[in-house]
Amino acid sequence: MRSAMVLMIGGWMMGWLSTAQADATAWDIVQDESRLGFVATQDGDEFEGEFAEFEAEIRFSKAALEESRFDVTIDVTSIDAGNSQRNDALPDEEWFFFERFPQATYVTSMIREGDEAPFEAVGTLTLRGIEREVVLPFEWQADGDRASMQGRTTLNRTDFGIGQGEWAEDDTVAYPVEVVVDLTLERSD
């Protein structure tokens, strides 16, 4: 009788532990419903822009943050800054220097519970060949096989060499740039 009780408790504990150690789920971006954008300021006026082409490896589960990740590759040449004058300048060496740095990456080192938002991705953003740690506070909502992720963080453009020469000061283009992540996701097969 005692052996049966020990086996039952042992079985329950193993079941509980396997549930508690859930795997992070793989997610695919629904491209036409997702946005990787930014908000910047020129001559005192805010403007919005976005990167049309990006891909990500996303694994996420609230129950398995230690296994979760959010790694992104961005085609910097797909930038749209809202008007043709800005778009014509962005490929130049003073700005994104497309010829030498056509891609940017964000690779997470961890995802944890957050202070400003329910979660934070901590990772390395590589832009124009410059690496900086960036924390992205974000919210996550899942409903069956679909999920959404929204996050925002602010960068200083000069930390990545964006806006050099006559653009190095903030009298025309402000230093802070807010990065906006708004993704719709589907559970990966």
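Thr184 lies in strand E11, which covers residues 176-187. The model is predicted, so local features need pLDDT of at least 70 and side-chain atom pairs pLDDT 80 or more, while totals for chains, interfaces and linings use all residues. Residues are numbered from 1 along each chain as its sequence is written, and side-chain values use heavy atoms, without hydrogens and water.

The chain has two helices and 11 strands; helices (H or I, at least four residues) and strands (E, at least two) are DSSP runs numbered from the N terminus. Along the sequence the pattern is α-β-β-β-β-β-β-α-β-β-β-β-β.

Thr184 counts as buried because its relative accessible area is 14%, and buried means under 20%, exposed over 50% and partly exposed in between (1.4 Å probe, protein chains only). Leaving out residues up to four places away in sequence, Thr184 touches Asp28, Ile29, Val30, Glu33, Ser34, Arg146 and Ala147; a contact means heavy atoms within 4.5 Å. In the chain, 57% of the contacts between residues at least 6 apart in sequence join residues at least 24 apart. Buried residues account for 40% of the 189 residues.

Asp43 sits in the loop between strand E2 (35-42) and strand E3 (45-51). With a relative accessible area of 54%, Asp43 is exposed. The accessible surface of the chain is about 11,300 Å², and 47% of this belongs to carbon and sulfur atoms; accessible areas come from the Shrake-Rupley method with a 1.4 Å probe, and for residues only the protein chains shown count as cover.
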